[in-house]
Amino acid sequence: MTLQAVLLVAAALFSVGLYGALSQQVVVMVMMGLELMINAVILAAGGFWWFLAPAADGQVLLLVVIAAMTVEMAMGFAVATLLHRHGAGDMTDMAADLSR
Amino acid sequence: MLEAIVFWTLGAVAVAAGAAVFKVDSMARATYALAVSFVAVGLALLLVDLHYVGLVTVLMMVMEMAIMAVYMVMFMGMNPALMPMSMVHGRRTALVVSVGTFLLLAAGALLVPWPSRRDAPPVDVTAALGEALMGSKMLVMITVSPVMLATIVAGIVLAAPRTRYDRFGDDLRGHPADDPQPGGVGRR
């Protein structure tokens, strides 16, 4: 188990998440893609921490990433609820009001 | 050696489950696949002694996926486990971009001459994290807390069906309240 191995797995997770975030139409599925990307960041940050500088306080960065993921999830659900309520469905293509 | 085997297994499970999220034909299965992916990453973090962070990742993601399941039952208006779905746009572009990203990141991971480890890990990793949060890195927690509070408020504002602005108008002066079902006992 090396840093390269951890980073390779993280890169694969990140790419899969990026594919999902770019290709999916349902808002919740786009969120799942973003979550996978953050998942990869958590894994890579853990690998960097352990293999490069396992100082006592380096883990704080990981907690910040996890907090960012929580915020993303909560706001995503709120926006999806809002879209449903306005009858716009849950597809990203239908929520293009601001682009006009 | 054993550690490497466990890590590669967990990594393969994490990536395979992540790919399954966008492959399976129902949202319920996608949710479970995502949960499996997160659990695998959380367990991989345990391998590098990140006990607290790994455990928090596992616990949080299991709860989050439970919320997601409730959300789907609420809004999808169908049996989410049975409804096939393929809602994809720009599939070819997304594939090209993500494969390119993977090649770029993998090349970076393999080609960059990473420095060797600087200092030894603390004896009790979790206690060290607690002391950092309550000591030198307290500003991080002080910053994250209002962000979390703002998230709660913004989430409620976005998701609430009717707020006081719907009832009393934009300047909050429209008495009596404009309710679909007027309450009270007939007084104006």
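Ala40(A) touches Ala10(A), Leu13(A), Phe14(A) and Gly17(A), leaving aside residues up to four places away in sequence. The model is a predicted one. Ala40(A) is also among the residues with the most contacts inside the largest nonpolar core. Val9(A), Ala10(A), Leu13(A) and Leu43(A) share that listing.

## The core

This core has 69 residues. Both chains supply it. From chain A, helices H1 (3–23), H2 (27–51) and H3 (59–85) each give two or more residues. From chain B, the elements giving two or more are H1 (2–21), H2 (27–47), H3 (51–75), H4 (91–111) and H5 (125–134). Which helix gives the most? H2(A) does, with 17 residues.

## The two chains

Chain A has three helices and zero strands. Its elements run α-α-α from the N terminus on. Of its 100 residues, 54% count as buried. Contacts between residues at least 6 apart in sequence include 53% that join residues at least 24 apart.

Chain B has seven helices and zero strands. Along the sequence the pattern reads α-α-α-α-α-α-α. Chain B has 188 residues, and 22% of them count as buried. Of the contacts in chain B with a separation of 6 or more, 51% come from residues 24 or more positions apart.

Chain B is divided into two domains, according to a domain assignment: domain 1 covers 1–81 and domain 2 covers 135–182. Their C-alpha centres lie 31 Å apart.

## Where the chains meet

How many residues of each chain take part in the contact? On chain B there are 71, in contact with 60 residues of chain A. Helices H1, H2, H3, H4, H5 and H6 (138–159) of chain B each give two or more residues to the side that touches chain A. H4(B) gives the most to that side, with 13 residues. By class, this side of chain B has 50 nonpolar, twelve polar and nine charged residues.

| Helix pair | Axes come within | Crossing angle |
|---|---|---|
| H2(A) and H2(B) | 10 Å | roughly 10 degrees |
| H3(A) and H6(B) | 8 Å | roughly 10 degrees |

Take the H2 pair. The axes of H2(A) and H2(B) cross at roughly 10 degrees. The two helices are therefore roughly parallel. H2(A) brings Val28(A), Met29(A), Met32(A), Glu35(A), Leu36(A), Asn39(A), Ile42(A), Leu43(A) and Gly46(A) to the contact. H2(B) answers with Met27(B), Ala30(B), Leu34(B), Ser37(B), Phe38(B), Val41(B), Ala44(B) and Leu45(B). By class, this contact has 13 nonpolar, three polar and one charged residues. Leu43(A) ties two parts of this account together: it is listed among the residues with the most contacts inside the core, and it belongs to the contact of H2(A) with H2(B).

Now H3(A) and H6(B). Their axes come within 8 Å and cross at roughly 10 degrees. So H3(A) is roughly parallel to H6(B). The chain A side is made by Val60(A), Val64(A), Ala67(A), Val71(A), Ala74(A), Met75(A), Ala78(A), Val79(A), Thr81(A) and Leu82(A). The chain B side is made by Val140(B), Val144(B), Val147(B), Met148(B), Thr151(B), Ala154(B), Gly155(B), Leu158(B) and Ala159(B). The residues divide into 16 nonpolar, three polar and no charged.

Tyr32(B) sits in helix H2 of chain B. Is Tyr32(B) buried or partly exposed? Burial needs 20 or more C-beta neighbours. Tyr32(B) has 19 inside 10 Å and therefore counts as partly exposed. Tyr32(B) and Val13(B) are 19 residues apart in sequence and 13 Å apart in space, C-alpha to C-alpha.

Asp49(B) is found in the loop between H2 and H3 of chain B. Asp49(B) has a positive phi of about 70 degrees, although it is not a glycine. With 19 other C-beta atoms within 10 Å, Asp49(B) is partly exposed.

Leu172(B) lies in the segment after helix H7 (164–168) of chain B. Leu172(B), also not a glycine, has a positive phi of about 60 degrees. Leu172(B) counts as exposed because it has 10 C-beta neighbours inside 10 Å.

Definitions and conventions: Residues numbered from 1 in each chain as written. Chains lettered and ligands numbered in written order. Predicted model: local features only at pLDDT ≥ 70, side-chain atom pairs only at ≥ 80, totals over all residues. Core = buried A, V, L, I, M, F, W, Y, C linked by C-beta atoms within 7 Å. Buried ≥ 20, exposed ≤ 12 C-beta atoms within 10 Å, placed from the backbone. Helix = DSSP H or I, 4+ residues; strand = E, 2+ residues; numbered from the N terminus. Contact = placed C-beta atoms within 7 Å. Nonpolar A, V, L, I, M, F, W, Y, C, P; charged D, E, K, R; others polar. Axes fitted to C-alpha atoms, helices over the stretch in contact; angles between N-to-C directions. Parallel < 35°, antiparallel > 145°, perpendicular 65-115°, else oblique. Domains from an automatic or database assignment.
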